[in-house]
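Please study the structure shown below.

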Amino acid sequence: MNFFQYKKNELYAEDVPVKKLVEEFGSPLYIYSHKTLLRHLNAYKDAFSSTKHVVCFAMKSNSNSAVLNLFAKNGGGADVVSGGELFRALKSGVPSEKIVYAGVGKTEEEIRYALKNKIMMFNVESENELREMDRIAGLMKTKAPIALRINPDVDAKTHAYISTGMKKHKFGIPIENGLEHYKLANSLRNIEVVGIHKHIGSQLTKASPFVDALKKILVLVDTLKDNNIFIKYLDLGGGLGITYSNETPPEPADLAKKILPLLKRRDLTIVLEPGRSIVGNSGILVTKTLYLKKGEKKEFFIVDAGMNDLMRPSLYDAYHHIQPVVKNRRESVIADVVGPICESGDFLARGRKLQKVKQGELLAVMSAGAYGFSMSSNYNSRPRAAEVIVKGSKYALIRKRETYNDLLRGEIIPEII
Ligand SMILES: *Cc1c(COP(=O)(O)O)cnc(C)c1O
């Protein structure tokens, strides 16, 4: 559920007409709904309220500091995957003891930065990373709190690029090597074992892969206990899907109902790392129709947002619902909605049945709050879009539209050329 709804024939973000926002802030424009963001965060908090838990928002899905600050104010932590994300999280007010850090390629600089800031834990993805962390923590005369990311070899049944929990993937430590790796971790002087982590993929539409993976992880937790290795944090990762077209993914409460019974009589703090399921349907991308073009085989709606603004259709062949900002009674056509970028892969929708639009009219690309702006780029030297948040009848800019000068920031024309 979200708060982008039509009133009469016009699309609103909460109580503000989308058209008004575009008039003020220009196009293309990312718009987020405060009420939806909070509702989705609270859905997790409520679902797991009967047990100790922390919701560490996976900020790679949306790393705007206003969004992070909103979550931090409401008890959320952060799941970071780089030093840059850690910097953003800290600057946005996320308490360091609610930050978990995953990723297969953490650098020495990044590890030092996180140790200095005393984060909750590192989710370590290989033996060599573990040894490196021990070495660095030793040099800093501290201990690194860690979980091992365990790869449970479960098929998340999602798009190949966002499935992460099988043997063939680069992520985590194969579950059959879990005990041996934990024994090593336990023997390293500057490592403190505090948790266990798994994350099997994204846009999961069924609860069963979660449950299967958790059952496997719990067997390992018991084996560890038999070996005097005790786990405090059970990090279940993220990955719950959202409705882009007609998927019916489980809600956090459905997931909790299946998971919590498995955790009875265990003194574990649950860590959750949702990204998409919190922000995905809390944001839209609004774009203006520049030109209509009738090809020999189909029609093209050429719009002012491209793959640099929203990469998911090009990268994953992802579906995003597209609807007019002002509804009309015109007939429908089959069209490709394409951007201005010089790539055939630059499309937002292909072969889509859409109401006819006129040049200058606005379209809303729905479910664009996750992996939308955060994946955007300056490809084709296009300044990145502005971002706005709406709260009831109030609204505020949370990221200025980039300027041409921003495009050149950091570039140097040296003497030697
Ligand atoms: C990407 C990622 C998440 C978030 O995934 P969503 O599908 O957006 O919920 C959580 N944890 C890790 C380790 C990730 O890489």
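**The ligand and its surroundings**

In this predicted model, a backbone N or O atom of Arg276 lies 2.8 Å from an oxygen atom of the ligand. How much of the ligand is covered by the protein? Taken alone, the ligand exposes 390 Å², and the protein buries 95% of that area. The space that the ligand takes up is the largest pocket.

A backbone N or O atom of Gly239 lies 2.8 Å from an oxygen atom of the ligand. For Asp79, a polar side-chain atom is found 3.1 Å from a nitrogen atom of the ligand.

Attention may now turn to strand β17, which comprises residues 332–338. Is this strand mostly covered or mostly uncovered? Strand β17 is mostly covered, since five of its seven residues are buried; here, a residue is called buried if its relative accessible area is under 20%.

Strand β17 has pairing partners that may be traced in turn. With strand β15 (residues 299–303), β17 pairs in the parallel sense, over four bridges. In this pairing, Phe301 stands opposite Val337 of β17. With strand β18 (residues 347–355), β17 runs antiparallel, and six bridges join the two strands. Here Ile334 stands opposite Lys353, a residue of β18.

Methods
Residues are numbered from 1 along each chain as its sequence is written. This is a predicted model: local features need pLDDT of at least 70, side-chain atom pairs count only at pLDDT 80 or more; totals for chains, interfaces and linings use all residues. Side-chain values use heavy atoms; hydrogens and water are left out. Buried means under 20% relative accessible area, exposed over 50%, partly exposed in between (1.4 Å probe, protein chains only). Two strands pair if DSSP finds at least two bridges between them. A polar contact is a pair of N or O atoms within 3.5 Å; within protein, one must be able to donate a hydrogen and the other to accept it, and residues adjacent in sequence count only if both atoms are side-chain atoms. Accessible areas come from the Shrake-Rupley method with a 1.4 Å probe; for residues, only the protein chains shown count as cover. On a 1 Å grid over the protein atoms alone, a cavity is a set of points where a 1.4 Å probe fits but cannot get out, and a pocket is an open set with protein on both sides within 12 Å along at least five of seven lines; lining residues have an atom within 4 Å of a point. A molecule sits in a cavity or pocket if more than half of its atoms lie within 2 Å of its grid points.
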